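Subject: Structure handover

Hello,

Here is the structure we talked about handing over. Please open it alongside this message; notes on what was found follow below.

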Amino acid sequence: MKLHDVALSGNCYKVRLFLGLIGQKAELVPVDLMGGAHKRPAFLAINPRGQVPALEDGELRLGDSHAILVYLALRYAEPHWNPQDAVTQGRIANWLSFSANEVQHGLAQTRVIQLFKRPGDLPAAQAKGRHALELLDATLADHRWLAQTDEPSIADIAVYPYVALASEGGLEPSGYPYVQDWLGRIRALPGYIAQPAF
Ligand SMILES: N[C@@H](CCC(=O)N[C@@H](CS)C(=O)NCC(=O)O)C(=O)O
């Protein structure tokens, strides 16, 4: 299995973290985003959307961190990571969408602007990021894990990275006590790996 990866990418970290938690090894293939490697034919043959992460496993070529989490969970992980009952599937789909929308356009975007010095509206992204943290805190006040299951699922792993990295975008998750406790529960999971520092 090969993971086309950028070390500082939170979307790639979702996959690296999950691989660690389920004890699966993958060869990490660094992608030179600054040099534009992700828009060249060799990479587009793996992910035509021209983004990392991208996974190769046998004949499969798969982009998008959430799609990769779904695939890895069904193929290699214990059932609690992606329970197949209708209610939990609905909840997990909701959190994967939340990760791709509120988290990506809020928390991830603040980091892109503040840490990587890219152009963008930092106050607007921070407002979206704070809203995402409020929604998370409200759910986690009543539930240990986002999909309201007894054990963690891919919903937690999809949302975790950019919440854990929120301070790099100028947001402080310590104001959200239930989010803080949940971050600690994820860090305590066997096989947890940290995101490398900038
Ligand atoms: N929805 C995608 C977003 C992936 C994404 O935004 N990747 C960034 C790095 S974190 C990227 O490849 N950016 C380069 C580009 O979009 O051209 C996912 O969840 O994997």
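To start with the helix packing: H6 passes H7 in a left-handed crossing. Please keep in mind throughout that this is a predicted model. H6 covers residues 154-164, and H7 covers residues 177-187. Their axes come within 11 Å and cross at roughly 115°. Angles from 65 to 115 degrees count as roughly perpendicular, and H6 and H7 are therefore described as roughly perpendicular to each other.

H6 also packs against H1, at an angle of about 135° and with the two axes 8 Å apart. That angle makes H1 oblique to H6. The crossing of H1 and H6 is right-handed, whereas H6 passes H7 in a left-handed one.

H1 (10-21) comes up again in the largest pocket, where it is among the elements that give two or more residues to the lining. The others are helix H3 (65-76) and helix H4 (86-114). Which helix gives the most to this lining? H4 does, with 7 residues.

The volume of the largest pocket is about 850 Å³. Its lining is made up of 30 residues, and those nearest the pocket centre are Ser9, Asn11, Leu33, Val52 and Gln104. By type, the lining has 12 nonpolar, 12 polar and 6 charged residues. Both domain 1 (2-79) and domain 2 (83-187) contribute, each with at least three residues.

Two points in the backbone are worth a look when you go through the model. For background, most residues other than glycine have a negative phi, and most peptide bonds are trans.

The first point involves Val52, one of the residues nearest the centre of the largest pocket. The peptide bond from valine 52 to proline 53 is cis, with omega near 0°. Where is proline 53 found? Proline 53 sits in the loop that runs between helix H2 (41-44) and strand S3 (54-57).

Aspartate 64 is placed in the loop between strand S4 (60-63) and H3. H3 is the helix at 65-76 already mentioned for the pocket lining.

Regards

Methods. Residues numbered from 1 in each chain as written. Predicted model: local features only at pLDDT ≥ 70, side-chain atom pairs only at ≥ 80, totals over all residues. Heavy atoms only, no water. 1 Å grid on protein atoms, 1.4 Å probe; cavity = no way out; pocket = protein on both sides within 12 Å on 5 of 7 lines; lining within 4 Å. Points joined across faces, edges and corners; volume = space filled by probe spheres on them. Helix = DSSP H or I, 4+ residues; strand = E, 2+ residues; numbered from the N terminus. Nonpolar A, V, L, I, M, F, W, Y, C, P; charged D, E, K, R; others polar. Domains from an automatic or database assignment. Axes fitted to C-alpha atoms, helices over the stretch in contact; angles between N-to-C directions. Parallel < 35°, antiparallel > 145°, perpendicular 65-115°, else oblique. Left-handed = near helix turned anticlockwise from the far one by under 90°.
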